[in-house]
Amino acid sequence: MRYRHLFGPVPSRRLGVSLGVDLVPLKTCTLNCIYCECGETNNCTLERKEYVPLEEVYEELNDYLAKQPELDYITFSGSGEPTLHSGIGNVVSYLKQKYPAYKLCLLTNSTLLNDSKVREQIKPIDLIVPSLDTATEECFKRLNRPHRGIKCQDVIEGLVKLRSEYSGEILVEIFIAPGLNDTPDEIAALKSALERIKPDRVQLGTLDRPGTEEWLEPADYHTMQNIAFYLGNAEIIGKFKPGPKISTFNDSHSRQIYETLKRRPCTVADLKALLNLRPAEIQKYINHLLSKGKIEIDHQERGIFLKIKNNKDGKN
Ligand code: SF4
């Protein structure tokens, strides 16, 4: 079966082996972050609706989970904001009832958490990883470039409400963008917000893949350490280590590579970790995709990344 709404499983630096469930079309999001690995948001919206048919999602989940794969998490994530799908609660209930052995995770940009319906729908999820990069409106506009209907303070209120109603684990993720949210005032504002939100854990990350804006640089480790120290309980996330051998998603390694690159640029090392193949084998699939013009090489200061080739007609 060819999957349209599932991807991976990917070895994640936070989650181990995680099967991704993508509930919205590419770049359907409430934000347009400067660091987004998936490019510019082409549908910046607050509208919640059934972006992809639930029946298709159930069919794919049943097909994949019938093989009883070993997974650390089934994760709602992908190339947009998963809580924009009005049926995310249905998928959560479906998985909890039919496949209770699997833990669920949600990666969210936090912008819809001020909506009580959203909070109710995601309550049964085991781990929620909301992002909060700033606690000031000015920086929010520059760094996350939100839909005009979203205010940073409402996002923080949503997180505070989530904490008071949700008994699972909350891991707040903060992306550090040098020159934007690494100033003393910014970090002090973030610390105050975190004191109200009371997450179980906080993780700091910075650029390690090409983002939407080419001028964006990664923060240096010293800055990250200072911020982590000031925030008190924050952990700096490094590059993930290769995970255990995982069964391939379908018979086509090249399709798995292509589907992964559709969601984020990767180095050859990332792809090796994903497929757990020998370097020569991985190279064969990469060469195949390069020769078909489906992917291209992007030389960055941080290394050589492979990414989807954007054709002029907008099709991949
Ligand atoms: S990083 Fe996440 S929240 Fe930001 S634009 Fe990309 S998909 Fe949306």
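Reading a predicted model: confidence, helix packing and local geometry

Tutor: The mean pLDDT of the protein chain is 88, and 90% of its residues reach 70 or more. This is a predicted model, and confidence is the place to start.

Student: How is the packing of two helices read?

Tutor: Two packed helices are described by the angle between their axes and the distance between the axes. Take helix α1 (residues 54–65) and helix α2 (residues 88–98): they pack at an angle of about 25°, with their axes 11 Å apart. Angles under 35 degrees count as roughly parallel, and α1 is therefore roughly parallel to α2.

Student: What is the handedness of the crossing of α1 and α2, and which residues meet there?

Tutor: The crossing of α1 and α2 is right-handed. From α1 come L54, V57, Y58 and L61, which meet N90, V91, Y94 and L95 in α2. Sorted by class, the contact of α1 with α2 has seven nonpolar residues, one polar and no charged.

Student: At what angle do the axes of α5 and α6 cross?

Tutor: The axes of helix α5 (residues 152–165) and α6 cross at roughly 30° and come within 8 Å. That angle makes α5 roughly parallel to α6. On the α5 side the contact is made by I156, L159, V160 and R163, and on the α6 side by A193, R196 and I197. Of the residues in the contact of α5 with α6, five are nonpolar, none polar and two charged.

Student: Helix α6 also packs with α7. What angle do α6 and α7 make?

Tutor: Helix α6 (residues 184–197) and helix α7 (residues 221–231) pack at about 40°, and their axes are 10 Å apart. The two are therefore oblique to each other. Their crossing is right-handed. I187, K191 and L194 of α6 make the contact with I227, Y230 and L231 of α7. By class, the contact of α6 with α7 has five nonpolar residues, no polar ones and one charged.

Student: Which residues are around the ligand?

Tutor: The residues around the ligand are C29, L31, N32, C33, C36, C38, T41, G80, E81 and N109. By class, this shell has five nonpolar, four polar and one charged residues.

Student: Now the backbone. Which residues does a cis peptide bond join?

Tutor: For a peptide bond, the angle to read is omega. A cis peptide bond joins G8 and P9, with omega about 10°. P9 lies in strand β1 (residues 6–12).

Student: And phi? Is the value for K27 positive or negative, and where is K27 placed?

Tutor: Phi of K27 is near 55°, a positive value in a residue other than glycine. K27 is in the loop between β2 (16–21) and β3 (28–29).

Student: To recap the helix pairs, which are roughly parallel and which oblique?

Tutor: α1 is roughly parallel to α2, and α5 is roughly parallel to α6. α6 and α7 are oblique to each other.

Technical notes. Residues are numbered from 1 along each chain as its sequence is written. This is a predicted model: local features need pLDDT of at least 70, side-chain atom pairs count only at pLDDT 80 or more; totals for chains, interfaces and linings use all residues. Axes are lines fitted to C-alpha atoms, for helices over the stretch in contact, and angles run from 0 to 180 degrees between N-to-C directions. Helices (H or I, at least four residues) and strands (E, at least two) are DSSP runs, numbered from the N terminus. Angles under 35 degrees count as roughly parallel, over 145 as roughly antiparallel, 65 to 115 as roughly perpendicular and the rest as oblique. A crossing is left-handed if the near helix is turned anticlockwise from the far one by less than a right angle, and right-handed if clockwise. Two residues are in contact if their C-beta atoms, placed from the backbone, lie within 7 Å. Ala, Val, Leu, Ile, Met, Phe, Trp, Tyr, Cys and Pro count as nonpolar, Asp, Glu, Lys and Arg as charged, and the others, Gly among them, as polar. A residue is near a molecule or strand if its C-beta atom, placed from the backbone, lies within 6 Å of it. pLDDT is the predictor's confidence in each residue, from 0 to 100.
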